[in-house]
Amino acid sequence: MPAVSQERFQQLAVWFEAALRIPPGPVRDEYVTQVSAGDETVREALLRLLESDTDVQGRASSAPARLPRFGSYQARGLLGVGGMGAVYRATREDGELRHEVAVKVVAGVMWSPVLDERFRRERQILAGLQHPYIARFLDGGITGEGAPYLVMEYVEGERIDAWCDHQRLTIDARLELFLKVAEAVSYAHQKLIVHRDLKPSNILVTCGGEPRLLDFGVARTLQPTAVGGDGQSTLTPGLFATPLYASPELLRGENPGVGCDVYSLGVLLYEMLCGRRPFSGANLPPAAIVEQVLFTDAPPPSAAVPDNPGIDQSVGQGVAEARGVDHARALRRQLQGDLDAITAKALAKSPADRYASVEQFAEDVRRYLAGYPVQASAVGAWQRTRKFVARNKARVAAVAAIVLALIAGLVGTTWQARVAQQERVASDRRFNQARELARYLVFELQTSVGDLPGSTPVRAEMVSRSLEYLDRLSAERSNDENLRVELARGYLQLADVLGNPFWPNIGQPARAKESYRKAIAILAPITAKSPENRDARLSLARGKLFLGQSIGFSGGSAEGRELVRVATEEFGQLAARWPSDFATRSWAAVAYSSYAKSLSIQQGYVATSNADQALAAIHESTGHALAALRLKPGELVTVRQLSSSYKTIGDLTELHDRPGATEYFRKSLAALDQLSPQDRESVVALGARSSALLGLGWNLGNLGDYPASLRSLEEARRIRERMSNQDPKNVQALYFRTIPSRNLAIIHGFAGHTAESLANFLDTAAIYDRLLARSPSNPTFRFGRAEVQSSAANLAMKLGRSVEADRLANAALPVLKQIAGSPDGSDVELAIAARSLLETEVRSLRDPKLALSFALKSSRMNGKEAEIQEILAEAYWFNRDREHAVESIQKALALIEQTPTPARQNFEKTLRRYQTAKLP
Amino acid sequence: MDSTANSGEITLWLGQWSQGDPAALDRLAPLVYDQLRAIADNLLRNEAPDHTLQPTALVSETFLKLLDLHRVSLNDRSHFFAFAARLMRRVLIDHARREKAAKRSSGLRLPLDPELGWTGSINEVSLDLSSALDELESLDATGVRALELRYFLGCTGEETAALLGLSASTVDRSLRFSLAWLNSRLHPKL
C-alpha cells in the first residue's frame, strides 16, 4: 500500500467501516468501486484493507489457547476477560449430550471454607431463578486452585444496543424490547435478587428477538464478603469497572438496593432511545464520569441526539435512521416530553426520587406506549436533579470517590485478574494494599487535597470514609497492634479536619473532640501494654495535646490546659526515652510551644502573669527543635517552629527587658537561614520571616534604632504584600498586610518623619478599605480603619492639611466611640478610643469625659499594661485630675521596662509634666 | 521506583510526555523500565498464558506503588498506562529483535491477547512492525495509542476506551481498521 496522507487515511477509515457493514461479496465490491469514484489506488487500497481484515479476523478466531477445566466442563474458548475474572465457553464432557455453557470464574478472591457455605446458599438462590429472559444458572463450584466459578446457560446473541441498531428498531419497538428486560429484572426482584451490574453487554438478544439477561446475582454470589462477613457486602466498582451504568449510590459504595437496578435500566433506556449514554462526553476520563454521575444532571435524551451542523449532524442522522426516523430533529421531537420525563425519573440522583420499583418504571413505559399520560413529570424530575447538584461540591469529591472505589475494590473483591493460585499470599497482599491505600487516603492524599481552596469538607468526608475501611480491616485482625495504631492515627487526622483550631477545619469542634477521644481510647491500652511502642505513645500524646487545645477553644479552659500540660509532659518523657528520634523531638517542640502559649496567651495578648513558667516551657521548645534539626537539618516545619518559639521568647522578654528581647527576635529571623533556598520561598517560611521581622522592627523602633527598625518593617511589608498578591482571594493575607503598614506609620512618627508616617497611615486605611469592601460590617476592620484614620487626621493637621484632617477625624471618631462603647469593646479598643478622643487635633471632636470612662474600663479589664495606664493618666489629666494622673503614670512606669528606652523616657517626661505643668 | 526521588521525577516526565513532549519518554523510560521489563519478560517466558498475571494487573500494581509513594496523582493514571503500553511495545519489539539476532527460532510467544492474530509471525516482521507502527502513528496517533494499550498491555476493550476517554465502539472500530492496515502493511503480497 503506498504512503497516504492523513486526510486520505481518515477517509479510508470511514469507507472501510461502512464497507464492513456489507457482507463480503459483489455488493461490497460494488460499494468500494462507487466510493473510490474512478481512483484506482483508492479502490485497491480499500479492497486490500478489507481482505486484510478478513485475514486478521479469521486468525483471531482460530488462535490457540490452553484452556482450563471446570468440573465436568471443559473450556473451549475465552469469551472475555474482565476486572473480576474470565468468562469461558465450555462444553460438558461426560459423554452425554454435548452441552454448551458459559463459565464465569473469579480470579484472586480470598476464599476460605467459611465462605463455602454462603457460596452454596447463593447458588441455590440462583438455581431458583427461572425466567425465559434470564440466562439459566446451571452449576457452580470451586476449581482445584481455589477459584469459585459459576456455570450458566450459553447464550448466543447480540448485545442489545447493537441488535436494536442493526434491526433498525423504531422507538416503540425498542420500548417493547425494554419492557421485556424490565419484566425479567422485576421477576428477579420478587425473588429478592438484585442484579447490580445491568449494562448492554449483560443483555443479549437471541436471533428470535428475545432478550437474555446474563449474570443475575453473579456479582453478589461470586463476591465473598472477605471483610465484614455479614453478608451485606456491596459491589463497589473496582479499578476498571465502568462507572457508566452504576448508580450514584453504588459508586459511593452504599448498600445497593432495587433503586440501583432502576437506575441502570434508566441508563439502558436512555441509550436505546438516543444512542448516547447520559454521561459519555467524548473525552472524559473515568474520574470525570464518576464526578458527573454523582453530581451532574445528564441532558434529557431528546437533547442528547446530536444535531449540530457538521459531523455531529451526520452522526445524529445515523442515530435517527437506526430508529427508523428520517431526521435527527424528528427523533428529538419524538423523545421530548414523556420519554425525557421517564428517563429523568429513572436516573434521579437519589433513589427516593426514582421509580420505587422496576414494575412502576415499566408501567410508565407501558402508559406511554398506550398513549396515556405518564406519572413522571418532565419539569419536576430534571429540576430535582438540578437542586441536588446545587447542594453538592463536586470537584474534589470525585478524586475521593475514585480512591475509595479503589480501596473498596481491594477490600470487597479483587480488581486483578489474578488466579487464586497463591491464595494466602494474595490475601495478605490485598490486605496490605487495602491498608496502604486507606493510609494513603487518610494521611497523604488529604494533605495534598488540603491545598485546594474549599476542600476541607471533602477531606473530612474522605477521611471518615477511609476510616470505615480501616475500622473493618482492624476488626478483622484485632490483634494487629500496628493496625490499631494506624486506626487511631486515622481518628486523629479526622479530628484535625473536623475541628483542630490551628488547622483548616470544617468547624465541628464537638465531633472533633469525640474523634480525639476515640483515638485516645484505642491508644491508651496499647501504650500501657507496649510502653516501647513509640508510634502509639507519640500518637497518644498528640491526641491529648490537640484534644486539650480543642477544649481550650470552646470554653472550659482549665481542663484543656491540663490536657495540654499532660501531653507536653508525655512528649518530654518520650524525648528523653528516644532523644535521637526526629519525630519525637519535633513534636516535643510543638507541644512545649503550645503549652507556653496556653500559659501566656489570654484573650489574644501576651499576659504577664505566667510569664516565667511560659518562658521556661518555650525554652524547652527551642531545645527540642534544635535537637530535631540536628537530626534532620533544615526541616521546614521544625525550622518554622524554632523561629516561632524564638519570637515568642522575644515577645515574653520584651515585657520586662526590651533590649534583651532583641537577641531573640534576631534569632527568630536567623533560624530561617538554615532552610534550603527553595523552602525559604515557601508560604510557611515567608510567613515566619515576616513575623520575625515585625517583632524585630517593633522592638528596635521602641529602642530608638529607627533606621534598622524601618528596614525590618519595610521588608515585612514587602513580603506580606507579595503573599497577599499571590493569593488575592485570601482575606486573612490581606488583613496581615495592615500590621507592618501601621507599625511603619507609628515608627516613622517616633522618628519624627511626619509625612512618611501620614503616608503609611493612609496606606493602611486603604488596605482596610479593600477589606471592608469584602466584609462591610466586620468590626475588627471598621475599628482598625478608624484607628489609623484618627492618627492620620492628627498628622494631616500638623502638616496644615486641615480639610483632610477634618474629613478623616469625622469618619474615624464616631466608629471608635461606637465599637469601644459596645458591650463587647475590648481593653485595647477602649484604650485606643480613649486616646483618640483625648488627642484629636480636630478639637470639636474631643471628649475627655467619655475618654476617661473608656480608659477606666480598659484598665479595670487589664491592669498590667503600661500603655493603658498611660492613657488613663492622660485621661485624668485632661479631666483636670492631677493627683490621679500622677498616680496612673507612676503605675505605668512600674509596669514598663526599667531600662531607659525612649518609651520609658517619654513616660518620665509625662510624669514631670503632670507634676509641674498648669492644668489644661 | 524504590526511591521517592524517582517518583517525583516520574510525575514530572509523565506530565511533560502527556503534554506532547516526545523527549520526555526517554527520560521517563529508565525510571520504570526495569519494572515493566520484568513484566514483559515474565509474559514472554511463561508457558501457560492463562495462568500468568495479566500485564494490565501488573502495571496497575506498579502504578499503585507510585501512588503509595504519593508522588503521582490519580490524574496521571491514564498517562501512566499509555506510557506503560508504549514502553511495553518497545520492550517486546526489542525482545523480538534480540531473538532474531540470536537466530533462535523458538517461536516468540506474543499472544498478549488470544484475539490477536497478526502477532504469530512477529519474529520476522518485528522490525517492519516497529516501522509500520511508527508510520501508523503519524497517520493516527490515537489509533496507535489504542493498539498499544489493547495489545501490548493487554487491556480489555473497555479499559482501553476508558483510559483514552473514548467510547468502546470508537475504540473497537479504530482497532479493527488499524489491525487491517498493519496486516496489509506487513504482508504486502497478501
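Okay, one definition before I start: when I say helix, I mean a DSSP run of H or I that is at least four residues long, and helices are numbered from the N terminus. I need that for a residue that comes just after helix H37 of chain A, namely A:Arg880, which takes a positive phi of about 65°.

Now, what you're looking at is a predicted model. It scores ipTM 0.72 and pTM 0.47.

Let's stay with H37(A) for a bit. This helix covers residues 866-878 of chain A. At 1.5 Å a residue, its 13 residues should span 18 Å, and the end C-alpha atoms sit 19 Å apart, so the two agree.

Is H37(A) largely enclosed or left open? Eleven of its 13 residues are buried, so the rest of the structure largely encloses it.

Zooming out to chain A as a whole, we've got 39 helices and eleven strands. Of its 920 residues, 50% are buried. If you take the contacts in chain A with a separation of 6 or more, 63% of them join residues 24 or more positions apart.

Next, a bit of sheet. In chain A, three strands make an open sheet, ordered E7-E8-E9, with antiparallel pairing. E7 (158-159) and E9 (211-213) of chain A are at the edges with a single partner strand each, so each has one side without a neighbour in the sheet. Strand E8 (residues 203-205) of chain A is joined to E9(A) by three bridges, and A:Ile203 stands opposite A:Leu213 in E9(A). Lying across E8 and E9 of chain A is helix H6 (residues 171-190) of chain A, which runs at about 30° to E9(A).

Last stop, chain B, and here it's about confidence. Its mean pLDDT is 64, with 42% of the residues reaching 70 or more. Where is confidence highest in chain B? That's helix H8 (residues 168-186) of chain B, at 85, while helix H3 (residues 55-68) of chain B is lowest, at a mean of 59. Residues 1-5 of chain B have pLDDT below 50, and the model gives that stretch eight contacts beyond near neighbours in sequence. Residues 102-127 of chain B stay under 50 too, and they have 46 contacts beyond four places in sequence.

Notes. Residues numbered from 1 in each chain as written. Chains lettered and ligands numbered in written order. Predicted model: local features only at pLDDT ≥ 70, side-chain atom pairs only at ≥ 80, totals over all residues. pLDDT = per-residue confidence, 0-100. Helix = DSSP H or I, 4+ residues; strand = E, 2+ residues; numbered from the N terminus. Contact = placed C-beta atoms within 7 Å. Pairing = 2+ DSSP bridges. Axes fitted to C-alpha atoms, helices over the stretch in contact; angles between N-to-C directions. Expected span 1.5 Å × (residues − 1). Buried ≥ 20, exposed ≤ 12 C-beta atoms within 10 Å, placed from the backbone.
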